[in-house]
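My notes follow in the order I made them.

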Amino acid sequence: MEQQALQRGSPPKLQINRLRMHDISGAFADGWRDFRTYPAFGVFFGAIYAFGGIFIAVMLTSYQLPWMIIPVAIGFPLIGPFVAVGLYEISRRHQQGEKIGWKTVLTEVFRQRERQLSWMAFVVLFIFWIWIYQIRLLMALFLGFRIPATLDAFARVVLTTPEGLLFLAIGTIVGTVLAAILFSATVISMPLLLDHDVDFVTAMLTSMRTVIENPVPMLTFGLVVAGLAIAALVPLFLGLLVVLPVAGHATWHLYRRAITAT
């Protein structure tokens with residue numbers, strides 16, 4: 001769905017549109033098209049995310065915390081919407097026929113630290129840290145303080161003992177709730193804050209209302225993105241070089257279908 005471009009700087013009136021499943025497939029098709037049109041940008045932003053994951057995994061191993069790699073890898077996609085801001089800007093410029101260059105895109109990304117998007121970054125990172133600390137709390141409750149020192153040993157304890165299976169079940173439930181909250185709060189708010197001058201609370205509420213009013217399409221989109229992101233972690237995070245940019249561009253196009261600003 002095309003909407004008339006508005007001049008950024010004036011608060012818009014936001015209307016939430018009814019989404020259908022073809023909007024989800026259309027958003028991914030448009031996201032793939034944008035990635036193919038501007039692959040260098042996509043790989044660049046995907047590399048930031050991928051090599052950030054590799055760095056975290058290496059640091060956890062060097063500090064003898066390999067058992068944290070799995071929780072961090074699962075929770076890592078939670079910060080994806082923040083990393084994808086540059087991809088939203090590329091899709092926005094492409095839709096509006098504006099010039100796309102490294103200087104213009106990166107300048108706009110860095111300019112976001114002075115806008116409401118910086119508050120959303122705080123929200124994203126805060127929930128990510130909640131995810132990490134709730135994992136450590138559940139480990140202490142169910143596994144005690146005798147946490148295995150290696151990743152293989154940790155996996156065996158989690159998958160073969162009653163305490164480990166209970167930890168896995170409750171951790172999955174808590175993680176799903178946190179992921180659903182963060183997805184609902186950010187899926188529309190991030191591109192909206194880039195596109196228009198609205199406050200971050202309004203953006204989050206608009207995003208949540210969009211999910212509530214379109215539960216099946218929006219949750220389908222979230223599940224597809226989460227599934228692709230987790231699968232992309234398997235080859236040493238390198239699958240994110242493609243998955244992150246396609247998902248980022250697709251999120252922008254989903255936002256344009258979901259919200260009409262006047």
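I began with Trp102. Its relative accessible area is 39%, so I log Trp102 as partly exposed. My cut-offs: buried is under 20% relative accessible area, exposed is over 50%, and partly exposed is in between (1.4 Å probe, protein chains only).

This is a predicted model, so I note the limits: local features need pLDDT of at least 70, side-chain atom pairs count only at pLDDT 80 or more, and totals for chains, interfaces and linings use all residues. Residues are numbered from 1 along each chain as its sequence is written, and side-chain values use heavy atoms, with hydrogens and water left out.

**Aromatic pairs**

How many aromatic pairs does the structure hold? I found eight. Rings of Phe, Tyr and Trp (its six-membered ring) pair if their centres lie within 6.5 Å; planes under 30 degrees apart are stacked, over 60 edge-to-face, and the rest tilted.

I looked up Phe44 with Trp102. The ring centres are 5.3 Å apart and the planes stand at 85 degrees, so I call this pair edge-to-face. Phe44 sits in helix 2 (residues 39–62) and Trp102 in helix 6 (residues 102–111), so the pair ties together parts 58 residues apart in sequence. Helices (H or I, at least four residues) and strands (E, at least two) are DSSP runs, numbered from the N terminus. Phe44 is partly exposed, at 34% relative accessibility.

Next came Trp119 with Phe200. Their ring centres are 5.8 Å apart with planes at 10 degrees, so this pair is stacked. Trp119 belongs to helix 7 (residues 117–143) and Phe200 to helix 11 (residues 200–213), so parts 81 residues apart in sequence are tied together. Trp119 is partly exposed, with a relative accessible area of 48%.

I also noted a cluster. Ring pairs link Tyr38, Phe41, Phe44, Phe45 and Trp102.

**Thr186**

Is Thr186 buried or exposed? I log Thr186 as buried, because its relative accessibility is 2%. I place Thr186 in helix 9 (residues 162–186). A polar atom of its side chain lies 2.7 Å from the backbone oxygen of Leu182.

**Whole protein**

I counted 13 helices and two strands. Of the 262 residues, 50% are buried. I then checked contacts (heavy atoms within 4.5 Å). Among those between residues at least 6 apart in sequence, 79% join residues at least 24 apart. The protein exposes about 13000 Å², and carbon and sulfur atoms supply 71% of that.

Key. A polar contact is a pair of N or O atoms within 3.5 Å; within protein, one must be able to donate a hydrogen and the other to accept it, and residues adjacent in sequence count only if both atoms are side-chain atoms. Accessible areas come from the Shrake-Rupley method with a 1.4 Å probe; for residues, only the protein chains shown count as cover.
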